[in-house]
Amino acid sequence: MIYVVIWWLIVGILGWLVWPLAFRLLRHLPDRGYAFIKALGLLLVGYVFWLLSSGGFLGNTWGGIVFAALIVAGLAVAYYRWRGTDDEVGMRDWLRANWRVVLAVEAVFAVAFGGWALYRAYTPEIAATEKPMEFAFLNAILRSERFPPYDPWMSGYAISYYHFGYIIMAMLTRLSGVPSSYAFNLGIALLFALTATGSYGVVSDLVAATGRARQGQAVGYGVLGAVFVVLIGNLEGLFEALYSKGLGSAAFWNWLDVKELVSRGQVTGRWFDLGGGWWWWRASRVIHDKTLTGISQEVIDEFPFFSFILGDMHPHVLALPFVLLSLALAFNLLRRQHPLGWAEYLLYAVCLGGLGFLNTWDFPIYLFVVVLAYAVNRYQHWGRLSADWIREVVYCMILLFGLGLLLYVPFWVTFRSQAGGVLPNLFNVTRLHQYLLMFGMFVFVVAGFLLALARELRKAGRLEGWKVGLSLWMGVAAAFPTLLLVSIAPLVLTERGRQYVQGVLNSEPVRMALGEQTLGSLLNKAVSLRLADPWLFLFLSGMIALVIFLVLRILNQRPGDRRPSPAVLFVLIMIGTGLLLTFVVEFVYLRDTFGTRMNTIFKFYYQAWVLLGLSSAYGAWYVLEGRRGWGRYVFVLGGSLLLAASLVYTVTAGPSKAGGFKVQPTLDGLDYVRRYEPDEYAAIQWLNAHGAGNPVIVEAVGGSFTSFARISSRTGLPAVLGWSGHEYQWRGSGEEAGQREREVDEIYSSQDFQRTLELLKKYDVTYVYVGPLERGKYSAASLEKFDTLLEVAFQQGAVTIYRRHTP
């Protein structure tokens, strides 16, 4: 409990350090940015600390972090005073008048942080999925003297992955003095709380900005925004319950086609006895792609609640609070009356560019949102599409993009990516019902909001031009197939592209499905698949066209017309961007080591969930407040049923992942190692106590997502090699990892004493680890050589650590 309080205090202090800056920078928000100061404080202090450490000016120490925090505090006060000349409101007067706003934000954060810390105490194990990797990064950053931090799974190299979030978590770990095994779970709880608070802040600001909200509505709908983003699940949970009960025919479940629901799900005859295990995992796999021969392909469609019960501290989760900060910056920009100044450009670029360092995919997405908000702002200023408007918008886009890269250049110059361009999605067509399984709740509410807005505009006489709307639909419907054709062009015009096409034609599924193996037959098959299932294409193109049409109708008003609130325009921007993200993956995806659209859907759908969830909370307020008639009752009934259906996953998956809350709660993520693997736990403690100077260790290498690499993960000490598959993904090449894997195997298996010593010297290994996994993989005869060659530094039970004396 004391660790939770310590983190709560530290995060609160960092937020208050930047509150003067947020008060001026985000002054166009009703709450003056108060809901986002904790995320802003973490980002700015983390940025200054990382930058100065990367430049060799600060060490990775407690004092270095405090020094960076003092710099940020000083700059925040200076900015507050500087911008105070054109802002008549002072912090003290604002706080006196708006203390309820502050209290509401702090209450949301405290409840979310304390509540999720309690949840994590029932499922704290740092094991399985990506947690070993993430724990390795956290520990390695804590051990690194300066930045960039070293790679714990490839000694001699720096981390080649977006790792700003891990630096921020390591910063909090060092400030608090909390053991990293506790800090890991506290970090998950903090991310949950910051995401809930940020979601609350965006929606409450949107509602309050209308000027029509009754007392308490901004708070109530802000809480609804937090529920929509972080607490509800998709609709798959309902169908898990139906299947468990034994309802539905075999034909229905085959049509629904949720991956592994029928093959691994259990019919128990009860609603919520879902058979234990990891059944809740299937909700992140509702989009079921298949090859042309019907073989399943992996597709990830996570959403925040799934991520938080899973407990992985992965970049897409680490970035969530800062994504919401970026949305607050965008809405603030939409409401500004003047263009950005140079200081504001720098601050916006630090926040947006930080997304590239946190979770690279998010940078272009939220840069797009910010630039759209600025474009709308300046269009309203100029009143028409003009050269001045184009110049201002292009200038904003180029400057924010350029500064966002430049301010983080120490990261970009060392970063190696697996991304290899854009490829056309030829064969995978998302089925409409699976899309609605994922986004059905939001689609219903957003559609209700768009129809209510269209009805209001029609009543005001501003919805004429249905032919324009139809033309827009046709334009959107044509634009994306055009994007597909554009992405195909390089495959025909370049040698590398032709090799890729030939590889596709030579693949077994394509050869079996196509008669004539030509590019023409390939394209003909792609077209026929889309014509056979056009429903999602028609639906999304129509929704996007409607959003564009409504934006144009609002912006091009007649003199004297009452302008809708800027909140409406911003929500339309979020809806349009969210729908666009889910539409574009129907035609193209980013090329990576996986070779499918799995990762693109994962990253794009995740942000679409955030954008549509926030929009739905505001849309619920817009439809329900001040409107009467049968449409309102249909909306309430349908929305309530879908909300209840979405909460089925929450109330079943959460307890299931936590084992029914039957275990003794603890936030120590290594407590299970202490209880079930005492020898390895003692070895970890010994290495942590004798790990000064970060000596290189060698341990047996196994596949990714296995128990191998557990010692480097739990200590942060650099290993010759950890998960080789992950190193390949991070670096875009498996040559170095492949060689190391072979030579680690040789270190353990070789009977050539001289060769073993040469390899240990090559990688500057100090400690050789021999534990249960090593004994299970290699023969006792091959491991006995270490008794002759090296000194026993530690021994307990099945674990022996050997020391090689280095010059």
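## Before you start

Residues are counted from 1 along each chain as its sequence is written, and side-chain values rest on heavy atoms, with hydrogens and water left out. Because the model is predicted, local features need pLDDT of at least 70 and side-chain atom pairs count only at pLDDT 80 or more, while totals for chains, interfaces and linings use all residues.

Helices and strands here are DSSP runs numbered from the N terminus (helices are H or I with at least four residues, strands are E with at least two).

## The largest pocket

Rolling a probe the size of a water molecule over the atoms shows where empty space is left. A pocket is an open set of points on a 1 Å grid over the protein atoms alone, where a 1.4 Å probe fits and protein lies on both sides within 12 Å along at least five of seven lines; its lining residues have an atom within 4 Å of a point. Grid points are joined across faces, edges and corners, and a volume is the space filled by probe spheres set on the points.

The largest pocket in this model has a volume of about 1100 Å³. It is lined by 50 residues, and those closest to its centre are Tyr162, Trp361, Phe594, Asn599 and Lys603. Which helix gives the most to this lining? That is helix 27, with six residues. Other elements that each supply at least two residues include helix 17 (362–382), helix 18 (387–406) and strand 4 (588–590). Sorted by class, the lining has 27 nonpolar, 14 polar and nine charged residues. In this sorting, Ala, Val, Leu, Ile, Met, Phe, Trp, Tyr, Cys and Pro are nonpolar, Asp, Glu, Lys and Arg are charged, and the others, Gly among them, are polar.

## Helix 27 and its partner

Two packed helices are described by the angle between their axes and the distance between the axes. The axes of helix 9 (residues 217–231) and helix 27 come within 8 Å and cross at roughly 145 degrees. Axes are lines fitted to C-alpha atoms, for helices over the stretch in contact, and the angles run from 0 to 180 degrees between N-to-C directions. The crossing is right-handed, a term for a near helix turned clockwise from the far one by less than a right angle.

Contact means heavy atoms within 4.5 Å. On the helix 9 side, Tyr221, Leu224 and Phe228 are among the residues that take part, and on the helix 27 side the partners include Trp609, Leu614 and Trp621. By class, this contact has 11 nonpolar, four polar and no charged residues.

Threonine 600 also sits in helix 27. Is threonine 600 buried or exposed? With a relative accessible area of 1%, threonine 600 is buried (buried means under 20%, exposed over 50%, and partly exposed in between, using a 1.4 Å probe and protein chains only). Leaving aside neighbours within four places in sequence, threonine 600 touches Trp361, Val585, Tyr589 and Leu590.

Tryptophan 686 is in helix 30 (residues 678–689) and counts as buried at 13% relative accessibility. Beyond its neighbours within four places in sequence, its contacts are Tyr767, Ala793, Phe794, Ile801 and Arg803. Valine 770 lies in strand 6 (residues 765–770) and is buried, with a relative accessible area of 1%. The C-alpha atoms of valine 770 and tyrosine 748 are 22 residues apart along the chain and separated by 9.1 Å.

Leucine 17, in helix 1 (residues 2–25), is partly exposed at 25% relative accessibility. Setting aside neighbours within four places in sequence, leucine 17 is in contact with Ala69, Ala73 and Ala76.

Most residues other than glycine have a negative phi, and most peptide bonds are trans. Here, a cis peptide bond joins phenylalanine 147 and proline 148, with omega about 5 degrees. Proline 148 is in the loop between helix 6 (131–143) and helix 7 (164–176).

Asparagine 694 has a positive phi of about 55 degrees and is found in the loop between helix 30 and strand 5 (696–698). Alanine 709 has a positive phi near 70 degrees, and its place is the loop between strand 5 and helix 31 (710–715). Asparagine 694 is buried at 18% relative accessible area, and alanine 709 is buried at 1%.
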